[in-house]
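Dear colleague,

Please find below the structure that I am handing over to you.

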Amino acid sequence: MDRVIGIDAGLNGALAFLSEDGLLVERMPVISIGKKKRIDLNALEGIMLLWQPSIAIIEEAQVMPNQGSVSGFTIGFNYSSLITALYMMRIPTEEVRPTAWKKALRVSANKDDCRYRAQQLFPNNASDFSKKSDDGLAEAALLTYYYKTRGN
């Protein structure tokens with residue numbers, strides 16, 4: 001059985017790990033460097049060493065039309081950091097567009113829709129997706145489900 005990690009990339013994102021033992025979720029580790037926040041790649045490595053995924057599926061980053069250049073740069077920087085870190089840890093990685101996995105799982109772009117769907121699919125973890133701020137955890141979990149159910 002694949003040991004899949006789903007990654008909702010970004011500073012408010014999350015990680016979800018699905019194995020034969022069930023689902024684990026974790027908020028994206030973040031560190032402050034001066035006035036900037038970055039993904040804590042050392043903490044990320046620790047999580048990967050603990051979970052030992054056989055594959056990572058990461059939501060492809062995209063800048064929204066009304067976002068400014070600083071925001072776009074930050075999104076791209078953090079996304080690239082994650083992709084590079086996974087590569088350096090030799091974890092095979094697959095990128096998926098948000099529209100692809102959301103269409104396959106029949107969820108809208110609405111964050112609450114993702115939380116409710118994650119509660120349905122992972123009832124043992126329903127409390128992990130109960131608050132509005134848990135949307136990243138839900139999306140990471142749904143990414144693992146998407147990978148597992150699409151015929152891999």
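**A residue in the interior**

T144 has a relative accessible area of 0% and is therefore buried, the cut-off being under 20%. Please note that the model is a predicted one.

Where in the chain does T144 have its place? The residue belongs to helix 5, which covers residues 135-149. Apart from neighbours within four places in sequence, the contacts of T144 are V4, I5, G6, A16, L18, L23, I57 and F122.

**The protein as a whole**

Five helices and seven strands make up the secondary structure of the protein. In sequence order, these elements give the pattern β-β-β-β-β-α-β-α-β-α-α-α.

As to overall dimensions, the C-alpha atoms fill a box of roughly 40 × 35 × 25 Å along the principal axes. The radius of gyration is 15 Å, which agrees with the value near 15 Å that a compact globule of 152 residues would have.

Of the 152 residues in the protein, 42% are buried, T144 being one of the buried residues. Where contacts link residues at least 6 apart in sequence, 59% of them join residues at least 24 apart.

The protein exposes about 8500 Å², of which carbon and sulfur atoms supply 52%.

How values were computed: Residues numbered from 1 in each chain as written. Predicted model: local features only at pLDDT ≥ 70, side-chain atom pairs only at ≥ 80, totals over all residues. Heavy atoms only, no water. Helix = DSSP H or I, 4+ residues; strand = E, 2+ residues; numbered from the N terminus. Rg over C-alpha atoms; globule rule 2.2 N^0.38 Å. Buried < 20%, exposed > 50% of the residue type's maximum accessible area, 1.4 Å probe, protein only. Contact = heavy atoms within 4.5 Å. Areas by Shrake-Rupley, 256 points an atom, 1.4 Å probe, with all protein chains shown as cover.
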